[in-house]
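Me: I want to go through a model with you, one piece at a time. Keep the answers plain.

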Amino acid sequence: MTEKALRPDTALRLGTRRSKLAMAQSGHVAQAVRELTGRPVELVEITTYGDTSREHLARIGGTGVFVTALRDALLRGEIDFAVHSLKDLPTAQPEGLTLAAIPRREDPRDVLIARDGLTFGQLPPGARVGTGSPRRMAQLNAHARDHGLAVETVPIRGNIDTRIGYVHSGELDAVVLAAAGLHRIGRTGEVTDFLSVDTVLPAPGQGALAIECAAVNVDLAASLAELDDPDTRAAVTAERSLLAALEAGCSAPVGALADLLADGQVVNEMRLRGVVGTTDGSTLVQLSITGSVPTSHRDAVALGRELASEMLAKGAAGLMGEREL
């Protein structure tokens, strides 16, 4: 660590994307780090390729498009740590960087914001539902077909304001967004339907944040580790292990959620659910496994790999569009 980084009066530089959501997320972390370290924290806004490209994520290859510029800035020493939405992180951890903390997870569910306060089940025949996620399209289309509903999923891009604006303008009947993001910017009041994870499994890591710093910055990494939530880390590690073992990228139609199961007051098992499907919802592979609560990174990874193996045996590989090389 440099002499400047050791001085307690020197501001820590937190790298963040420029979007309203990213700034809100980073602002929460910045405040927590100020309280933890007693040091000032300044936000450094960084534009990523995912922010500037107008193409759909599945086309530009989703994997890492929102994080590469932040990671490059970390490796160059231009920032001291960065905050990411964990679901945007590629599953492979780059050399020279460490995932110092994964704070307690927000609500991992997806939500609907629809015109006239409609729930998903109340949408009229032919309703146009916007989402930028092949994962959401696959599950929403499958759920609609299973329940005699007729919706059209429409690919969209843009920030939260842009997406909700499609509903207000009448261009779309509804959009699907992550509950966590809306909560962090104080807009859950606009939600018309919280989608059960039994209907739509979230993206691996959805609702969780990742705080990353340079591996050589051991003192800072140790301080940031105070913000880590072990249960959240175990859950998202299992989810991301599933994603990695499926060899799927961030924009592939893969959903996963690990949750802790309690017997009375004692938490003794973790259930991991996974889904992969074609975007039209005609074919889904959806499985789950339950095991002991992971007590190590290796245990959590093993749980994800075990479920991935079962899903691949059921034909999951043939249902994914984008594959990591």
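Me: How many bridges join E12 to strand E13?
Reply: Nine bridges join E12 to E13 (residues 284–292), and these strands run antiparallel. Strands (E, at least two residues) and helices (H or I, at least four residues) are DSSP runs numbered from the N terminus, and two strands pair if DSSP finds at least two bridges between them.

Me: Before I go on, what sort of model is this?
Reply: It is a predicted model, in which local features need pLDDT of at least 70 and side-chain atom pairs count only at pLDDT 80 or more, while totals for chains, interfaces and linings use all residues. Residues are numbered from 1 along each chain as its sequence is written, and side-chain values use heavy atoms, with hydrogens and water left out.

Me: Back to the strands. In E13, which residue is the bridge partner of Gly274?
Reply: Leu287 is the bridge partner of Gly274. E12 and E13 form a hairpin with six residues between them, and Gly281 in the turn has a positive phi of about 80°.

Me: How many bridges are there between E11 and E12?
Reply: Strand E11 (residues 254–263) and strand E12 (residues 266–277) pair in the antiparallel sense over 10 bridges. Arg271 in E12 is the bridge partner of Asp259. This is also a hairpin, with two residues between the strands, and Gly264 in its turn takes a positive phi of about 70°.

Me: Now the open sheet. What is the order of its five strands?
Reply: The order is E7-E6-E8-E5-E9, with mixed pairing. E7 (151–155) and E9 (193–195) stand at the edges with a single partner strand each, so one side of each has no neighbour in the sheet. The twist averages 30° from one strand to the next. Angles run from 0 to 180 degrees between N-to-C directions, with axes as lines fitted to C-alpha atoms, for helices over the stretch in contact.

Me: Over how many bridges do E5 and E8 pair?
Reply: Five, in the antiparallel sense, between E5 (residues 110–114) and E8 (residues 174–178). Val111 stands opposite Leu177 in E8.

Me: Which strands does helix H6 lie across?
Reply: H6 (residues 134–146) lies across E5, E6 (127–131), E7, E8 and E9, and runs at about 175° to E7. Helix H7 (residues 160–168) packs on the sheet too, touching E5 and E8, and its direction makes about 155° with that of E8. Contact here means heavy atoms within 4.5 Å.

Me: Pick Ala178 in E8. Buried or exposed?
Reply: Ala178 is buried, with a relative accessible area of 17%. Buried means under 20%, exposed over 50%, and partly exposed in between (1.4 Å probe, protein chains only). Leaving aside neighbours within four places in sequence, Ala178 is in contact with Arg109, Asp110, Val111, Arg136 and Gln206. Pro108 is 70 residues away from Ala178 in sequence, and their C-alpha atoms are 7.2 Å apart.

Me: And where is Asp116?
Reply: In the loop between E5 and E6. Asp116 is exposed, at a relative accessible area of 65%. Its phi is near 60°, a positive value in a residue other than glycine.

Me: What about Arg187: buried or exposed?
Reply: Arg187 is buried, with a relative accessible area of 18%. It sits in the loop between H8 and E9. Not counting residues up to four places away in sequence, Arg187 touches Lys20, Ile160, Asp161, Ile164 and Leu182.

Me: Switching to H2. Which of its residues are buried?
Reply: Ala22, Ala24, Gln25, Ser26, Val29, Ala30 and Val33. What covers them includes strands E1 (12–16), E2 (41–45), E3 (81–85) and E10 (209–214), and helices H8 (179–184) and H9 (218–224).

Me: How far does H2 reach?
Reply: H2 (residues 20–37) has 18 residues and reaches 25 Å from its first C-alpha to its last, close to the 26 Å expected. The expected span is 1.5 Å times one less than the number of residues. Just after H2, Gly38 takes a positive phi of about 75°.

Me: Last topic, confidence. Where is it lowest?
Reply: In helix H1 (residues 3–6), at a mean of 41, while E5 is highest at 98. pLDDT is the predictor's confidence in each residue, from 0 to 100. The protein chain averages 89, and 88% of the residues score at least 70.

Me: For residues 56–63, how many contacts beyond four places in sequence does the model have?
Reply: It has 24, and pLDDT stays under 50 over that stretch. Residues 1–6 also stay under 50, with 10 such contacts.
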